[in-house]
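Here is a short briefing for a first look. Keep the sequence and the 3D view side by side as you read.

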Amino acid sequence: MIYLDYSSTTPISYDVLESFNKVSKEYIGNPNSLHNLGIKAKDLIDTATNQIGELLNISPQEIIYTSGATEANNLALIGVALANQKKGKHIIVSKLEHPSIYKICEYLETLDFKISYVDLTEDGLVDFDDLKKKIKSDTILVSICAVNSETGVRQPLKMIRQIVKKENKSCLIHSDMTQSLGKISLNLKDVDLASFSIHKVYGPKGIGILYKNENVKIIPIIHGSSKKNELHPGTPATPLIAAASKAIRLATQDLDRRETFIKRLNEKIIKELSNYKDIKINKTKYSIPHIINISLMNIKPETFIHAMEEYEIYLGTNTACSSGELSASVMAIYNDKKRASTTIRISLSYLTTTDEINQFLTHFKTVYNKLNTLIAV
């Protein structure tokens, strides 16, 4: 099997799974309980949270556990909107966000919030001049993803923060950093809120994190009996939290070395696929090497993906959450509907081998030529 859909999800690492299993067996108490088993579980959660805080250079009090990045995005955007609606009802987002962000914006519009979409440059970066123009006195939030999940375009969050705070000091900044953790170095001081999903960094599904600066006030969107964590009430998932800590620690090791290796694989693939006349490479100079997006201009992506499955090679279309739909990100950058409707995403990992890429390219050629011949006939 050759797995090239790491941006969709990652296999859980052996060490992380081992931690999850051990905690599941040995820490059976409810962390909200007052007896010794509950205290033992609570202490483990506190230790894991402190470790995550150290790894991300934030305070443990700024960490909110969620079921994943989608819930974190909901809590961030809706929570901020409801908490700040007396200050204003204007929110700005980019045109390269995860589909969950747009769904949240659609919901907020039903509550009379106004959503503005900032323009992009030809390289896929947020247009700074347009961002300046769109920030008003009633703008309460700007949400810009750190790395686009389809094209890998990385946004300059530090510069974006400087612009936003200069135009409106009280405006908050959120970033969906789901595709950033474990791929690039992060500085959470560039934002006020950030969303993460642990299954993107070789951890289990069902656990995510919202970083919230301790000075930011938000309204809960889930309500329960817990007074200890009003923003995410209920029984804390001790095994998932312990696994999240282990996954983040392992994923943030040797970033430079891993990126150098992945870049070599990326260049090998790009060089080979650039020889195909009817394939467009959807990347800019700001795309990180972990994500390669291409358009098969004459072949349906789902047809190609299923054909590659016969060789046990697994690729993605755009984001897993909008698989098979028009790529909004490619459309936003290139304004080409055909290009945006024929995209395939090849996402790499430090686990990917050179031999796997060689096999992928060989079978890619076979499948592409076969499907192209059928179309020509």
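Predicted model: local features only at pLDDT ≥ 70, side-chain atom pairs only at ≥ 80, totals over all residues.

A search of the whole structure finds nine aromatic pairs. Helix α3 is largely enclosed by the rest of the structure, because twelve of its 16 residues are buried.

**Helix α3**
- Helix α3 spans residues 69–84, which makes 16 residues.
- From first C-alpha to last, α3 reaches 22 Å, close to the 22 Å expected at 1.5 Å a residue.

**Aromatic pairs**
- A pair of aromatic rings is described by the distance of the centres and the angle of the planes.
- Among the nine pairs is that of Tyr102 and Tyr117, with ring centres 6.1 Å apart.
- The planes of Tyr102 and Tyr117 meet at 45°, so this pair is tilted.
- Tyr102 lies in helix α4 (residues 99–110), and Tyr117 lies in strand β4 (residues 114–117).
- The pair therefore ties together parts that are 15 residues apart in sequence.
- Tyr102 is buried, at 17% relative accessible area, whereas Tyr117 is partly exposed, at 31% relative accessibility.
- Phe360 and Phe364 form an edge-to-face pair.
- Their ring centres are 5.6 Å apart, with 65° between the planes.
- Phe360 and Phe364 are four residues apart in helix α12 (residues 354–376), so about one helical turn separates them.
- Both Phe360 and Phe364 are buried.
- Phe360 and Phe364 also belong to a cluster linked by ring pairs, together with Tyr276, Phe304 and Tyr368.

**Charges over rings**
- Lys40 lies over the face of Tyr27, 4.7 Å from the ring centre.
- Arg339 places its charged end over the ring of Tyr334, at 3.7 Å from the centre.

**Loop residue Thr317**
- Thr317 sits in the loop between β11 (313–314) and α10 (328–334).
- Its relative accessible area is 9%, so Thr317 counts as buried.
- Along the chain, Thr317 and Asp5 are 312 residues apart.

Terms used
Residues numbered from 1 in each chain as written. Heavy atoms only, no water. Helix = DSSP H or I, 4+ residues; strand = E, 2+ residues; numbered from the N terminus. Buried < 20%, exposed > 50% of the residue type's maximum accessible area, 1.4 Å probe, protein only. Expected span 1.5 Å × (residues − 1). Phe/Tyr/Trp six-rings, centres within 6.5 Å; stacked < 30°, edge-to-face > 60°. Lys NZ or Arg CZ within 6 Å of the ring centre and 35° of its normal.
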